[in-house]
Amino acid sequence: MAKKTVGARKATKAPAAPKSAEPATPKAPAVPKPPAAPRVRKARTLAEAVQAVSAAPVASDAAPTGAPEAPASGAVVDVSSVYRQHGRPLRILMVASEAVPFAKTGGLADVVAALPKALGALGHEVTVVIPRYRGIPVGSTPTTSYPVSMGGHAYQADVFVQETSPGVRVALIDHPAFFDRDALYGLGSHDYDDNPRRFGFLCLAALEFARLEGVPVDVVHAHDWQGGLAPVYVKTRYATDPVLGGAATIFTIHNIAYQGHCSSDWLPQLGLGWDLFTSEGLEFWLHASLLKGGIMFADLVTTVSPRYAVELMTPEFAFGFEGILRHRSAHLVGILNGIDAEVWDPATDRHLPRPYGIDDMSGKLDAKRVLLETYGLPGADELARRPVIAMISRMVDQKGLDLIAAVAEQLPHLGAAFVVLGTGEPWYEEMWRSLARRYPDRVGVRVGFDEPLSHVIEAGADLFMMPSRFEPCGLNQMYSLRYGTLPVVRATGGLDDTVQNYDPATGAGNGFKFYDASGEALLGTLRWALHVYHNEPERWRHLQRAGMALDFSWSASARAYLDAYDRARTHVADRQATA
């Protein structure tokens with residue numbers, strides 16, 4: 001029998017291991033149908049909405065005197081100082097399951113695109129390895145091809161390499177039997193049965209790609225459970241390899257709710273020995289966990305916000321991993337994610353009808369016109385007096401959809417318009433669709449993902465709603481702050497790190513927070529925020545500009561990762577010196 005997992009609580013029966021899909025959510029109750037409201041015609045496309053409001057008069061919203069100054073964008077980076085601090089440029093190999101613009105299901109894809117770009121701007125060399133999923137365009141001929149040996153089988157890897165920014169390239173691993181599928185991880189709430197093999201192959205293909213190039217790698221940085229086996233393979237299969245044997249390994253937990261559990265029978269098929277099925281290895285309640293492999297074998301484990309690193313030590317947030325992470329607490333670091341400040345900048349955003357900035361926010365009103373037109377919601381005279389509350393989210397319990405469901409019938413009566421974009425559990429999608437059908441002048445919903453529209457939502461909304469039960473980092477609250485849209489968030493994880501609660505006594509803050517995971521707490525905070533919107537306009541403008549003045553770019557976060565890389569490399573050097 002396998003040994004007990006490190007730090008696990010005693011139990012006569014192991015708890016059901018959470019799958020890599022979102023936890024199941026009870027179906028939201030049906031709500032009665034009120035009298036129908038008059039329908040406003042929706043724009044067929046975002047471009048049509050822009051055209052429809054392009055001739056509208058421009059409102060003035062000049063910044064009051066004394067507004068905080070925005071930090072300089074495009075400051076020159078002293079690359080030589082970075083080299084002095086971190087030595088020669090590093091060769092970094094990143095392994096992940098998705099990255100913008102190639103594939104995306106969540107914030108992981110944004111991070112795996114933006115962090116390498118920031119590291120490349122600091123002079124380092126980054127290779128990002130992700131699968132080539134169905135529909136990702138590539139050239140007719142692979143850059144290179146090679147067999148990958150795993151569990152007694154040889155699987156062919158065709159690799160297509162693309163330069164994406166200075167110092168950064170993406171290697172797309174093509175193996176149609178594994179990656180040419182309808183979805184990235186599974187259909188609906190069901191994972192593909194062979195996900196261990198698919199992502200074990202990804203990790204090995206990434207390491208073999210680096211090995212075949214023949215230049216020693218300084219850092220192998222793996223992300224989430226899909227990359228969890230990369231540190232395991234580096235420490236076992238490639239421990240004495242001249243290219244990979246000296247590499248420091250970093251493993252980043254983006255969301256611990258997804259853990260990559262599988263039967264222990266998978267170990268031989270993944271080329272792993274039974275000696276790894278222990279409490280110090282991959283064993284987790286008699287299953288194998290790819291997430292645990294990354295945590296236990298990496299030289300350093302990072303999470304995506306300082307608050308989340310603390311939360312992961314507690315049963316409430318760790319999904320059974322609190323003991324494991326306490327065991328590795330000396331090698332656990334929280335680094336706040338950044339945002340791509342070039343993509344998410346209202347002063348240069350190509351998706352907006354008119355740019356705006358901290359000193360002149362009149363373009364935000366134009367974005368609001370476009371947003372209301374796009375969703376078929378009334379504007380005109382109501383534009384200034386009726387605020388817009390937005391939500392862009394996966395519609396799942398983690399994001400607080402159950403809290404919203406508890407007060408859904410009261411939302412249309414708050415005196416605000418709601419615009420929603422996202423996908424998720426069918427009953428939550430239907431909850432929003434039902435509200436939109438019954439209150440078409442107050443609620444608009446689009447089920448799906450639309451990148452241009454998401455920019456217009458961030459710019460055109462007055463408030464952004466993120467009532468997450470847990471949120472490792474969150475990016476939308478940072479986008480919102482940059483666009484002068486005040487976030488309403490539950491104080492958890494990265495939301496608590498980035499949103500400063502409004503203090504009526506001093507006027508300080510940049511948003512609104514609540515603490516209890518309840519619909520009533522959310523509803524009360526929305527009412528409070530709307531009160532400030534209607535009755536304290538100068539305070540509202542001050543909060544907007546305080547948020548817009550913050551620097552959430554990847555520059556600071558990238559330097560924090562470089563410090564983490566240096567720490568991990570020191571750990572490797574010390575280990576080799578005592579070997």
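1. Let me start with helix α8 (residues 290–297), which lies across β10, β11 and β12 and runs at about 55° to β12. Helices here are DSSP runs of H or I with at least four residues and strands are runs of E with at least two, numbered from the N terminus. The angle is taken between N-to-C directions on a scale from 0 to 180 degrees, with axes fitted as lines to C-alpha atoms, for helices over the stretch in contact.

2. A word on the ground rules before going on. This is a predicted model, where local features need pLDDT of at least 70 and side-chain atom pairs count only at pLDDT 80 or more, while totals for chains, interfaces and linings use all residues. Residues are numbered from 1 along each chain as its sequence is written, and side-chain values use heavy atoms, with hydrogens and water left out.

3. Now the sheet under that helix. Its three strands form an open sheet in the order β10-β12-β11, with antiparallel pairing. β10 (261–262) and β11 (283–284) are the edge strands, each with a single partner strand, so one side of each has no neighbour in the sheet. Two strands are taken to pair if DSSP finds at least two bridges between them. β10 and β12 (residues 287–289) pair in the antiparallel sense over two bridges, and H261 has S289 in β12 as its bridge partner.

4. For the overall picture, the protein has 20 helices and 20 strands. Buried residues account for 58% of its 579 residues; buried stands for under 20% relative accessible area, exposed for over 50%, and partly exposed for what lies in between, using a 1.4 Å probe and protein chains only. Among contacts between residues at least 6 apart in sequence, 75% join residues at least 24 apart, a contact being heavy atoms within 4.5 Å.

5. On one pairing, β2 (residues 125–131) joins β5 in the parallel sense over six bridges, where V128 has V170 as its bridge partner. On another, β4 (residues 153–165) and β5 pair in the antiparallel sense over seven bridges, with F160 standing opposite L172.

6. Strand β3 (residues 144–150) is joined to β4 by seven bridges, and the two run antiparallel; P147 stands opposite Q156 in β4. The hairpin of β3 and β4 has two residues between the strands, and G151 takes a positive phi near 60° there. The hairpin of β4 and β5 also has two residues between its strands, with G167 at a positive phi near 85°.

7. Within β4, please have a look at Q162. At 26% relative accessibility, Q162 counts as partly exposed. Leaving out residues up to four places away in sequence, Q162 touches F102, P137, V138, V168, R169, V170 and L172. The C-alpha atoms of Q162 and G139 are 9.6 Å apart, although the two residues are separated by 23 residues along the chain.

8. Strand β18 (residues 463–466) is covered on both faces: L463 and M465 on one side and F464 and M466 on the other are all buried. β15 (residues 388–392) pairs with β18 in the parallel sense over two bridges, and the bridge partner of I389 is L463. β18 also pairs with β19 (residues 486–490) in the parallel sense, over four bridges, with M465 opposite V488.

9. How do α3 and α20 pack? Helix α3 (residues 107–121) and helix α20 (residues 554–578) meet at an angle of about 80°, with their axes 9 Å apart. The two are therefore roughly perpendicular, the class for 65 to 115 degrees; angles under 35 count as roughly parallel, over 145 as roughly antiparallel and the rest as oblique. V111, A114, L115, A118 and L119 in α3 meet W554, A558, Y561, L562 and Y565 in α20. The residues of this contact divide into ten nonpolar, no polar and no charged; Ala, Val, Leu, Ile, Met, Phe, Trp, Tyr, Cys and Pro count as nonpolar, Asp, Glu, Lys and Arg as charged, and the others, Gly among them, as polar.

10. Finally, the cysteines. A search of the whole structure finds zero disulfides, a disulfide being a pair of cysteine sulfur atoms within 2.5 Å. C203 is buried at 0% relative accessible area, and C473 is buried at 2%.
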